[in-house]
Amino acid sequence: MGQYIAPTAYIVKQEEISRSWDDIAFALQSVFSREMLRRNTNCFVFDNENRVAYEDILYFETIPRTRKVMLHTCSGTYIIADFLKNIKAGLASHEEFSGVNSYLINLNNVTRIDRKNGIIAFKGDAQIHAGRRVISTVYKDFQSQFLH
């Protein structure tokens, strides 16, 4: 499972049923409010509580031989207990993300792609060394995103 699950509200069993309906309504409203907040923000939400603005995400990379992904942002790194393919599926509607195999890259934060040396550079001096296939895919997506 690998996720932290916490209750949203508690409903205390009472003799008077009308009081219980108020508690149930409050619990459902609380769940609805949290879900709407999660959907309506420009943030990537992971581990049910952590949020990172999409514009701060540099890239995701898999941690070999684990079921974990490292999220690199402008302000630091996070470890997420999930598969990269699940994160890709969750970000499928965001055209600014591109990647193959073990990387998912935010094209908005790419400053340079050195195809010859296999380097993708990001804002704030971060960079990754990637193989030809990753570089080619990211370069093609970068061109289609910003040159058309």
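Two strands count as paired if DSSP finds at least two bridges between them. Keep that in mind for the close-ups below, which all come from a predicted model.

**View 1. Strands E3 and E4 lie side by side in antiparallel fashion.** Strand E3 covers residues 57–63 and strand E4 covers residues 68–73. The two are joined by 6 bridges.

**View 2. An open sheet is built from 5 strands.** Reading across the sheet, the order is E5-E4-E3-E7-E6, with antiparallel pairing. At the edges sit strand E5 (77–80) and strand E6 (97–98), each of which pairs on one side only. Strands of a sheet pair through backbone hydrogen bonds.

**View 3. The largest nonpolar core brings together 15 residues.** The residues with the most contacts inside this core are Tyr-59, Tyr-103, Ile-105, Ile-120, Phe-122, Ile-128 and Val-138. At least two core residues come from each of E3, strand E7 (103–106), strand E8 (110–114), strand E9 (119–122) and helix H3 (132–146). Helix H3 gives the largest share, with 3 residues. A second, separate core holds 14 residues, including Val-52, Val-69, Ile-80 and Ile-87.

**View 4. Tyr-103 and its contacts from elsewhere in the sequence.** Which residues touch Tyr-103 once its neighbours within four places in sequence are left aside? Among them are Tyr-59, Phe-60 and Glu-61, along with Leu-84, Lys-88 and Ser-98. Ile-128, His-129, Ala-130 and Val-134 are in contact with Tyr-103 too.

**View 5. Arg-112 and Asp-114 form a salt bridge.** Their side chains meet at 3.8 Å, N to O. A search of the whole structure finds 1 salt bridge. Asp-114 is buried, because its relative accessible area of 18% falls under the 20% cut-off.

**View 6. Stepping back, the protein contains 3 helices and 10 strands.** From the N terminus on, these elements follow the order α-β-β-β-β-β-α-β-β-β-β-β-α. Of the 148 residues, 31% are buried. The protein exposes about 10000 Å², and carbon and sulfur atoms supply 52% of that area. Among contacts with a separation of 6 or more, 35% link residues 24 or more positions apart.

Methods:
Residues are numbered from 1 along each chain as its sequence is written. This is a predicted model: local features need pLDDT of at least 70, side-chain atom pairs count only at pLDDT 80 or more; totals for chains, interfaces and linings use all residues. Side-chain values use heavy atoms; hydrogens and water are left out. A salt bridge is a side-chain nitrogen of Lys or Arg within 4 Å of a carboxyl oxygen of Asp or Glu. Buried means under 20% relative accessible area, exposed over 50%, partly exposed in between (1.4 Å probe, protein chains only). Helices (H or I, at least four residues) and strands (E, at least two) are DSSP runs, numbered from the N terminus. A nonpolar core is a set of buried Ala, Val, Leu, Ile, Met, Phe, Trp, Tyr and Cys residues joined through side-chain atoms within 4.5 Å. Contact means heavy atoms within 4.5 Å. Accessible areas come from the Shrake-Rupley method with a 1.4 Å probe; for residues, only the protein chains shown count as cover.
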